[in-house]
Amino acid sequence: MLKALKMDRAEWSNSPLEKLPPVARVVAWLMLSHHRLPQPHPAKTSLLYSEGWIEKQLNADWNALNHKSTEKHQWKARDFKNVWAFPHGTPLRSQTWREKARQIGKRIRNLPSLLHAGSLDNLFTLHLARLSLMLADHVYSSQPAYLAWQDDAVPCWANSDRQSGQLKQKLDEHNVGVAHQALLMGRSLPALRRSLPAIARHKTFRERAKEPRFHWQNKAWDVASSLREKSTGQGFFGINMASTGCGKTFANARIMYALSDEHEGCRFSVALGLRTLTLQTGQALQSRLGLDDDTLAVVTGAAAVKELYQGNDAEDTSSASDETFFASHHYVHYKGATSSGIAQQWLAKEPALNRLVSAPVLVTTIDHLMPATEGVRGGRQIPAMLRLMTSDLVLDEPDDFDVDDLHALCRLVNWAGMLGSRVLLSSATLPPALTEALFEAYREGRRAWQAACGQSDRPMSICCAWFDEYGAQSQDVADDAQFRQAHGDFVTQRIKRLPDQPRLRLGKLAAVEAHASRNADVVSTLAQTLHQQMFALHGHHRSTHKSGKTVSFGLVRMANINPLVAVAQALMALPSPDNYRIHYCVYHSQHPLAVRAAIEKRLDAAFTRHEPERVWQLPDVKQALTSPEQHHLFVVLGTSVLEVGRDFDADWGIIEPSSMRSLIQFAGRIQRHRQIVPESENLVILERNVRALRGEKIAYCRPGFETEQHLLPHHDLHELLSEEGYRTLNAIPRIVENLPGNALAALEHARLRAALLDGGDKSDAVAASWWRLPLTWNGELQRRTPFRRSSPQDTFFLSMEDEGDEPEFCLMQENGVLKPAGRFCEKSLSMAEGVEPWMAIDYGEVLQALAETKQMELGAVSRRYGEITLRVSREEETEQWLYHSMLGVSRAL
């Protein structure tokens, strides 16, 4: 057999899969890919020829590039020769291995159906076989050696004991053991969902909504429950576009419960983009549905975030053995029963994974499900794939992701369809291109599921449903054109009703007259403009105390942190008019974790306005009422963190424009709770943003949709938006294409359609390439369009070891010891007359309070809650960071 092998050489390597029959090709691919999906080399490989990659281009370079290293250990001729030298023989010498191979070969001959199922085109079988093999490899490697499967004729070893370093499993034994485990796992996967905990006969889910504004949920329940049986065989793709404040979160849970068989029970995951939203949603579902820790798991990026959010004094007692599949910062909060049977045997040594898979309801940041498709190496795919296989999926606000991240989102929905999940999208601002791309992704995934698990000869027809506060409807949809028509009809009916809603935000444009494009001039002009607009807005939108004193709460949103901090400094140096005092808070992502949590806690209290009179009970307002000034403005200067994830109700807002999406999101933070229709403008939009004022060619980007290939004709909003486009801000420009008088929205729709469905160049990687081309067997699309692509990041800790110490930014070394980071310097800040910090948060006091609450040493508290992650581009690596406790961390403009 060895003599028949073709040996790769330094100058020549071809595809070993080229002439193999289908089943052999799949087996070879499983061997090649079970540790890491192959990736093309060179990286510029054209997608135009992807159909021939596996036969004509796959070679040794796709697997590893050690032999092409230009470092110290360059390969010589003997190294290439040694690759094909087996001084201790191969498993072919082992009687045990040969007998196992003979048994498997006999089974293959007796299974004619395998000739059909065992091909690279059968995606469901292909990827579950890989999942079984990866999990089997992991499980068997963790077990002690089984001497009965070892043959002394093979003195080769597969692994060693982690603790002792001693050789553990022999290669023949390991291969036989992994094959045996993979067989058991493959057999048990179809029954896995039934073996896991589920919610059945739950009274709260079934209760009819009695409050009039929630009556639409009853109609949604009726439509979903009518699809229960049919969606099991045909799949389900739903869209909930109800407006904010209509109870979408609760409705989504009820829809998923209504779709499920009440005897088998309900299992679903809610995936969100932000940690704070994940925690809020988990808490809302627990309280509204009466779900406890036995039923619902919350997965966030870190235990520390959850503790600060809840003010929870419980210690995280997870042991290090929990972390095999999760990085140390991944945290699963779930206390219920975990699975029994075969699943329990696999997962017994992985408590975090077991909790993630077992919980009937999982509320998670989407990052924990993305590895299902994005985890190209190791076992990172396993937890996410098991979760998708065993539960339905709700995607909350999927249109909030950056356009570059939507590629990965489409891949996830495609695999949710392939693994048998029902999928529900939930957002009032879903653009047509995104809904069409996600439907096409789901339908093609479901096609793979139906070919393997359903009636393969049955025509494809997906159960689709649409929900909003005006009603619910369903339709079986066979193809993209039918979906486009049905979705378009639903949206058409919706936009007829949206203008009838009270106009809670009335917008106007504000001129920004910069005399030069230098940074200093732009900052000065912006500060002057914002200053004037804030006092004008306060005059019309404020609350008056019985003493005659007035307060207003306003939001000022800018696109990027460095300009925001520069403008904040300039604003604080401007004196307030007589009898006015302005209280500033600077809020963005570059505060230490504990400081940001303290800011958010205070802001949540101030901007929760369900009971307007409670504003006078706020300590900050009480303090203001004792000062001599009559008029008080409480102003948050923030970035996009103001737009999503915060349930704020402001009196007024000012925004630096970057996209139509952000304008609509930001507008939703004004009069959110009180719902008072304004008589004058309560939303001011700057007519140009910082980049436009600097004279940059591409201005509405990072964040925004403008690129070199998709340029706006102007950068002045007077030219980009009609008067109606900025006077009334609602979801219509986002959910309808080709709206006249809105160039910003037109740009967003064009970008989305080009990125997801219809790229101009056929060699471009559009999201739909994942299911339109044979690409799931390799990791090329994940490399080209990764999820959350970002510049390099460094994690720092603002460290304090003892009370009275000056806090110092540190980096954590590999041994866990902190060392001073350098490159941080204190930023000065001066306050003019009539200006003061809204929140003068003392870092030392925050840490001291946490240390007492948590019963921890101050140094340990700063290592847990003093974390801050900063993006570091190559150009900025040597630049200093600037820090002030009120302004956070930034760089000079």
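## Ground rules

Residues are counted from 1 along each chain as its sequence is written. Because the model is predicted, local features need pLDDT of at least 70 and side-chain atom pairs pLDDT 80 or more, while totals for chains, interfaces and linings use all residues; side-chain values use heavy atoms, leaving out hydrogens and water.

Two packed helices are described by the angle between their axes and the distance between the axes. Here, helices (H or I, at least four residues) and strands (E, at least two) are DSSP runs numbered from the N terminus. Axes are lines fitted to C-alpha atoms, for helices over the stretch in contact, with angles from 0 to 180 degrees between N-to-C directions.

Start with H5 (residues 95-109) and H8 (residues 171-188): they pack at about 30°, with axes 9 Å apart. On the H5 side, the contact (heavy atoms within 4.5 Å) uses Thr96, Trp97, Lys100 and Arg107. By class, the contact of H5 with H8 has three nonpolar, three polar and four charged residues. For these classes, Ala, Val, Leu, Ile, Met, Phe, Trp, Tyr, Cys and Pro are nonpolar, Asp, Glu, Lys and Arg are charged, and the others, Gly among them, are polar.

Now for H7 (residues 123-141), which packs with H8 at about 125°, axes 8 Å apart. H7 and H8 are therefore oblique to each other. Residues that meet there include Leu133 and Tyr140 in H7 and Val178 and Met185 in H8. The H7 and H8 contact divides into eight nonpolar, six polar and two charged residues.

## A cavity

Strand E13 (residues 580-587) gives the most to its lining, with three residues. Overall, the lining of the largest cavity has seven nonpolar, one polar and no charged residues.

Most residues other than glycine have a negative phi, and most peptide bonds are trans. Asparagine 579 has a positive phi of about 70°, and sits in the loop between helix H24 (561-572) and E13. A cis peptide bond, omega about 0°, joins arginine 702 and proline 703.

Technical notes
Angles under 35 degrees count as roughly parallel, over 145 as roughly antiparallel, 65 to 115 as roughly perpendicular and the rest as oblique.
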